[in-house]
Amino acid sequence: MTVHPSLEPYVDAWTHSIEAITELVLPLTDAQWNLPTPCPGWSVRDIVSHIIGMELEQLGDPRPIHTLPRDLRHVVDEFTRYMEVPVDVRRHHTAVEMTSELEYTVIRRQRQLRGDKRDPATTLVRGPQGDQIPLELSLRLRAFDVWIHEQDLRASLGAPGNWDAPGAHVARDILLAGLPKVVAKGAGAPPNTAVVLDVHGELEFLRTIRVDAAGRATLDSTPSLGPAVSLSLDWPTYVRLAAGRVRARTVADRVKVDGDAELADAILANFAVTP
């Protein structure tokens, strides 16, 4: 690999997940391609179409010119419309067409990454909505995206696994970064409040969200001696909640709550940090 050292963790995570996805979908029947997934509105085919579309954008290929149907209920804003175009154009593709395009796209992308000598400090690339973002952020988001969608596919296909893969560590950091906003703005936690999150399972960590006197929230790994709320849950449940794949009431038996029940309910109701 000639990639910059700061990018290697994201390239490794992306590679691990994209190869796992390819292995998952290669043997699927036509019927399995149509199975629903935890990702709202998307089937197995739709998730693979999304991945293909996003990787083609990173390769610099032009976006398809396509008008979306008006009856897609999960398409609610400009972001979801942008994401839906490369999905909808492939909705009638066969299993062979899907796997062939996926494999060819992955080969092209791996070749690009292996030969990438660009400086991540100065290089801007196309982001998720066509805007320009730093190369390092782009690769971090791609590693996160493919790992989350790998888990969507595994849930749909009944093939659990890779909860502690390299992509899981990238996902942990991205999902945790959204927690201060969840607690301070989404849940409206009062000033001088601390909330403790204790996650166990394949990945284990403890984090404290502290809301200061001005209402600003920060995240750290120092335990709080007197938190207003403590939430304890397993890693897969945390991912599904934070990625908006499940609602809190459907996994209430997997979340242990101590402290202010009303604030805990507000936090869990606003837990999703992905679009």
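Predicted model: local features only at pLDDT ≥ 70, side-chain atom pairs only at ≥ 80, totals over all residues.

Biologist: How many salt bridges does the structure hold?

Modeller: Side chains of opposite charge can pair when their charged atoms come close. A salt bridge here needs a Lys or Arg nitrogen within 4 Å of an Asp or Glu carboxyl oxygen. By that rule the structure holds 19.

Biologist: Which residue forms a salt bridge with Arg90?

Modeller: The closest N and O atoms of the pair are 2.9 Å apart. Arg90 lies in the loop between helix 4 (78–88) and helix 5 (95–114), and its partner lies in helix 5, so the pair ties together parts that are 11 residues apart in sequence. That partner is Glu101.

Biologist: Is Arg90 buried or exposed?

Modeller: Buried means under 20% relative accessible area. Glu101, at 24%, counts as partly exposed. Arg90 has 7% relative accessibility, so Arg90 counts as buried.

Biologist: Now the inside. How many residues does the largest nonpolar core have?

Modeller: In soluble globular proteins, nonpolar side chains tend to be buried together. In this model, the residues with the most contacts inside the largest core are Trp147, Leu197, Leu231, Trp235, Tyr238, Ile267 and Phe271. The core's residue count is 73.

Biologist: Which residues does Phe271 touch, leaving out those up to four places away in sequence?

Modeller: Phe271 is one of the residues with the most contacts inside the core. Contact means heavy atoms within 4.5 Å. By that cut-off, Phe271 touches Leu179, Val182, Leu197, Leu231, Tyr238, Leu241 and Ala242.

Biologist: Where does His149 lie, and is His149 buried or exposed?

Modeller: His149 lies in helix 6. Beyond its neighbours within four places in sequence, His149 is in contact with Cys39, Trp42, Ile47, His50, Ile51 and Arg245. Its relative accessibility is 3%, so His149 counts as buried.

Biologist: Which helix gives the most to the lining of the largest cavity?

Modeller: The largest cavity holds about 80 Å³ of space. Its lining includes Ile148, Gln151, Trp163 and Arg245. Helix 6 (135–157) and helix 9 (235–242) each supply at least two lining residues. With four residues, the one that gives the most is helix 6.

Biologist: How many charged residues does the lining of the largest cavity have?

Modeller: Go class by class. Six lining residues are nonpolar and one is polar. Among the charged ones are Asp152 and Arg240. The charged count is three.

Biologist: How much space lies in the second largest pocket?

Modeller: Its lining includes Leu241, Arg245, Arg247, Arg249 and Phe271. By class, seven lining residues are nonpolar, two polar and three charged. The space in this pocket is about 270 Å³.

Definitions and conventions. Residues numbered from 1 in each chain as written. Heavy atoms only, no water. Salt bridge = Lys/Arg side-chain N within 4 Å of Asp/Glu carboxyl O. Buried < 20%, exposed > 50% of the residue type's maximum accessible area, 1.4 Å probe, protein only. Core = buried A, V, L, I, M, F, W, Y, C linked by side-chain atoms within 4.5 Å. 1 Å grid on protein atoms, 1.4 Å probe; cavity = no way out; pocket = protein on both sides within 12 Å on 5 of 7 lines; lining within 4 Å. Points joined across faces, edges and corners; volume = space filled by probe spheres on them.
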